[in-house]
Amino acid sequence: MRPVTEAELAEAVAGASGPLLVRGGGTRTLGHAVGEVLETGGLSGVELYEPGALTLVVRAGTPVAEVDAVLAGERQRLAFEVPDLRGLLGREGVSTIGGVLAANASGPRRVQVGAARDAALGVRFVDGSGAIVKNGGRVMKNVTGYDLVKLLAGSLGTLGVLSEVSFKVQALPEAEATLVVEGLDDAAGLATLRKALGSPFDVSGAARHSGRSLIRIEGMAGSVGYRVRALTTQIGGEVSVVEGEPSAALWRQVRDVAPFHGRPGDVWRIATLPTAAAEIAARLKGEAVWDWGGGLIWLLVDPGRGANVAAVVAGRGHATLVRGHGGPVFPAEAPEVAALVAGIKAKFDPRGILNAGMMG
Amino acid sequence: MDMPAPDQGVIARKSRIVARLRALMPADAVIDAAEELRVYECDALTAYRCPPLAAVLPRTTGEVSAVLRICWEEGVPVVPRGSGTSLAGGAMPTADSVILGVARMNAVIETDYDNRFIRVQSGRTNLSVSAAVEAEGFFYAPDPSSQLACAIAGNIAMNSGGAHCLKYGVTTNNLLGVTLVKMDGTVVTLGGPWGEPSGLDLLGVVCGSEGQLGVVTEAWLRILPKPEGARPVLVGFNSNEVAGACVADIIRAGILPVAIEFMDRPCIRATEAFAKAGYPDCEALLIIEVEGSEAEISEQLARIRQIALARDPVEFREAADEDQAKRIWLGRKSAFGAMGQINDYMCLDGTIPVSSLAHVLKRIGEMSREFGLDVGNVFHAGDGNMHPLILFDANKPGDLEKCEAFGAEILKLCVEVGGCLTGEHGVGIEKRDLMAVQFAPEDMEAQMRVKDVFDPRWLLNPAKVFPLGLSAERRAG
């Protein structure tokens with residue numbers, strides 16, 4: 001099914017006789033849900049864009065590329081840097097903005113500006129009974145009623161099908177530069193990232209892979225120059241500086257986990273404490289792309305060798321199997337949290353038809 | 001403003017309920033004497049008061065759990081309270097309720113500069129969180145103007161903002177995890193110091209749920225390295241519209257000041273008479289603050305100057321030193337006090353799209369004449385969060401009601417232009433009955449379902465947020 005209006009979407013959900021597999025572009029879907037495919041790609045187009053207020057309201061099935069183009073026309077962008085996981089997951093398809101929010105998909109700039117959930121100002125969605133619900137709005141400060149925007153962000157289509165989303169957007173910076181630090185082992189290279197994030201220099205990216213640590217600065221030209229010099233002095237060692245488009249290319253690689261493209265093996269996505277990042281990767285004997293100063297580990301391991309990932313991460317984060325087979329994809333919840341999650345799902349989708357089994 | 005009739009059965013069982021609480025808690029933690037309960041009869045929305053059945057002041061998560069369990073067993077409504085600074089009546093009790101105050105839970109549990117978080121008990125005040133990490137060069141970003149007094153628990157309940165959230169976001173953007181106690185006493189951990197949600201983002205919906213889903217007893221908060229410096233400029237305009245356009249110009253130019261504050265003429269005149277900050281007598285005044293090193297501040301201010309001068313301001317004043325910076329902020333920071341010198345006032349909190357600013361201010365001026373009540377506007381212009389201050393005389397019969405009616409009209413206008421009823425204060429009891437202006441019944445139904453899951457008997461801070469008629473059946477149990 002591919003509805004082209006919100007009303008049609010509501011009818012499709014209300015009239016469903018069995019499980020539905022809710023899909024934007026299917027470019028980042030995880031888990032084992034099955035059912036009749038319900039695509040949101042027909043709900044496409046910008047509803048409202050006010051560059052002077054940094055706000056964008058867009059229908060959920062709008063391609064991310066189209067959103068990017070519209071914003072770029074006014075020298076603006078989505079601040080949270082949408083990852084393109086097609087190369088990592090071996091997918092084709094057109095990524096949609098609703099899918100991005102449903103997955104709370106966020107790139108390197110999360111350390112500075114937050115995740116997709118933090119940029120989201122409002123949603124409209126169709127719940128599992130077919131009712132149309134709105135929450136939040138299009139203004140940056142809004143505490144009117146409960147924040148279901150956050151609840152829907154990252155819910156992977158299990159609570160409702162998004163029909164419209166609004167975001168706070170960001171002006172493109174005048175300049176960007178990346179400090180490339182070489183010659184350090186992983187523990188020292190990650191410590192460098194933490195040091196940069198603890199500095200007053202407003203770092204907008206802190207990542208490490210292939211033996212190099214990367215630290216990004218963005219802003220007005222004079223300011224970027226100043227902060228690059230200050231950080232270089234603070235860090236010491238083998239530091240080189242990459243500017244402009246070559247710097248941007250470095251961060252697309254991190255964002256999309258490019259070092260693992262086309263390579264065999266299972267990929268885990270681990271959220272953890274930056275200070276645990278080096279040790280976790282070493283103990284699991286995988287190759288790592290670290291982002292968020294070490295708070296995010298993309299870990300490539302031999303197929304089926306991830307049996308102890310959950311145990312190693314326990315108590316200091318959580319791990320999701322984003323590529324590979326065997327075992328549960330999503331981390332287990334504590335029983336009292338699982339009970340709340342089950343309760344919320346039963347309220348929003350009483351028939352249990354939306355992406356059933358997706359997060360289990 | 002109506003509150004539901006208290007449950008006489010609960011009131012009749014007061015001595016038994018208090019005895020059960022006393023049996024579990026230290027002697028000084030349970031308050032039931034009428035004169036001592038006066039403290040808890042209202043929060044900062046002082047127009048409405050009602051002493052609670054009792055007040056309990058636990059010191060640990062375990063004690064909070066035990067208190068809630070007893071109240072749950074006894075069917076007693078519980079009203080959580082941080083420091084009682086809510087402007088929306090979020091901590092106002094009913095005669096059949098127990099106030100659960102977290103003020104004694106104010107410890108720092110852990111600070112971790114390497115991973116950039118602090119874990120605190122929720123009764124700790126907002127400013128003292130920053131104070132705890134200041135020596136290492138860090139701060140906690142959300143800065144509501146009550147930050148000296150307000151507790152993190154209340155900040156989380158109301159998803160509090162502040163003047164600097166244009167750059168740093170509000171509470172929800174700086175909250176990593178919580179320990180929450182449900183009404184039945186169950187202790188739940190949501191999120192954690194790593195910040196990234198696992199599974200459904202329950203933390204995201206707890207933040208801003210106005211104490212209706214659980215009592216937050218501990219929180220992991222993001223701390224940030226302090227910027228090297230900050231400096232404000234003051235720009236005066238003879239038209240609200242032009243001032244609004246100047247704000248949009250700055251934002252579009254890609255400059256992100258940490259704060260853009262706006263004051264209109266009635267507010268400027270009131271603060272000048274009160275604080276004598278030396279503001280120009282103009283229609284609209286902007287205070288714009290930028291951060292960074294000396295060179296970075298100069299670079300940003302030069303750009304702002306260029307943008308502002310193109311709009312022909314009556315004054316552009318840059319702070320040359322710390323003293324001048326303080327003077328620029330002096331009037332803004334005295335605005336509420338200055339208005340309070342003139343008369344009683346009611347502070348509203350609606351948010352509007354920045355593009356509607358001039359239209360909304362014009363309509364508020366017209367309504368002010370219709371209602372015969374003066375109003376001054378001071379607000380966070382960068383994000384459209386308005387704070388109209390309506391002046392009234394609490395001792396004059398009918399004035400409060402007139403003021404509330406005027407306030408309601410302003411909030412309806414905010415929603416009409418694409419904004420919302422409350423940007424940072426919360427709904428509480430104050431805006432509860434206006435919720436239908438912004439939300440359809442099914443929108444509120446979806447929200448109430450979340451409460452059904454966390455608190456199926458609707459005992460926790462009931463009769464707030466949702467219109468009474470809409471929640472009546474659920475509250476009846």
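Biologist: Which residues of H10(B) are buried?
Modeller: In H10(B), the buried residues are B:Pro266, B:Cys267, B:Ile268, B:Ala270 and B:Thr271. A residue counts as buried if 20 or more other C-beta atoms lie within 10 Å of its own, as exposed if 12 or fewer do, and as partly exposed in between, with C-beta atoms placed from the backbone. Helices (H or I, at least four residues) and strands (E, at least two) are DSSP runs numbered from the N terminus. Please note that this is a predicted model, in which local features need pLDDT of at least 70 and side-chain atom pairs count only at pLDDT 80 or more, while totals for chains, interfaces and linings use all residues. Residues are numbered from 1 along each chain as its sequence is written, and chains are lettered from A and ligands numbered from 1 in the order in which they are written.

Biologist: What covers the buried residues of H10(B)?
Modeller: The cover includes strands E13 (259-264), E14 (284-291) and E17 (375-380) of chain B, together with H12 of chain B.

Biologist: At what angle do H10(B) and H12(B) pack?
Modeller: H10 (residues 265-275) and H12 (residues 322-342) of chain B meet at about 90°, and their axes are 8 Å apart. H10(B) is therefore roughly perpendicular to H12(B). Angles of 65 to 115 degrees count as roughly perpendicular, under 35 as roughly parallel, over 145 as roughly antiparallel and the rest as oblique. Axes are lines fitted to C-alpha atoms, for helices over the stretch in contact, and angles run from 0 to 180 degrees between N-to-C directions.

Biologist: Which classes of residue make up that contact of H10(B) with H12(B)?
Modeller: There are 10 nonpolar, five polar and one charged residues. Among the residues involved are B:Ala270 and B:Phe274 of H10(B) and B:Leu330 and B:Met339 of H12(B). Ala, Val, Leu, Ile, Met, Phe, Trp, Tyr, Cys and Pro count as nonpolar, Asp, Glu, Lys and Arg as charged, and the others, Gly among them, as polar. Two residues are in contact if their C-beta atoms, placed from the backbone, lie within 7 Å.

Biologist: And which residue follows H10(B)?
Modeller: B:Lys276 follows H10(B), and its phi is positive, near 50°.

Biologist: Changing topic to sheets: what is the strand order of the open sheet of five strands in chain B?
Modeller: The order is E5-E6-E10-E8-E9, with antiparallel pairing. Two strands pair if DSSP finds at least two bridges between them. E5 (108-112) and E9 (187-191) of chain B are the edge strands with a single partner each, so one side of each has no neighbour in the sheet. On average, neighbouring strands of this sheet are turned by 10° against each other, direction ignored.

Biologist: How many bridges join E8(B) to E10(B)?
Modeller: Six bridges join E8 (residues 175-181) to E10 (residues 215-222), and the two strands run antiparallel. B:Gly177 stands opposite B:Trp220 in E10(B). Helix H5 (residues 126-133) of chain B packs on this sheet, touching E5, E6 (117-121) and E10, with a direction about 135° from that of E6(B).

Biologist: Which strands form the open sheet with mixed pairing?
Modeller: That sheet has four strands of chain B in the order E1-E2-E4-E3. E3(B) and E4 (residues 98-101) of chain B run parallel and share four bridges, with B:Val98 as the bridge partner of B:Val78. Both faces of E3 (residues 78-81) are covered, with B:Val78 and B:Pro80 buried on one side and B:Val79 and B:Arg81 on the other. Helix H4 (residues 61-74) of chain B lies across E2 (54-56), E3 and E4, at about 165° to E4(B).

Biologist: Now the interface: how many residues of chain A are in contact with chain B?
Modeller: Chain A contributes 68 residues, in contact with 76 of chain B. H13(A) gives the largest share of the chain A side, eight residues. That side divides into 32 nonpolar, 21 polar and 15 charged residues.

Biologist: At what angle do H9(A) and H11(B) pack?
Modeller: H9(A) and H11 (residues 294-309) of chain B pack at about 170°, with axes 9 Å apart, and are therefore roughly antiparallel to each other. A:Gly222, A:Ser223 and A:Tyr226 meet B:Ala295, B:Glu296 and B:Glu299 there.

Biologist: Lastly, how many helices and strands are there in chain A?
Modeller: Chain A has 13 helices and 17 strands. Of its 360 residues, 56% count as buried.
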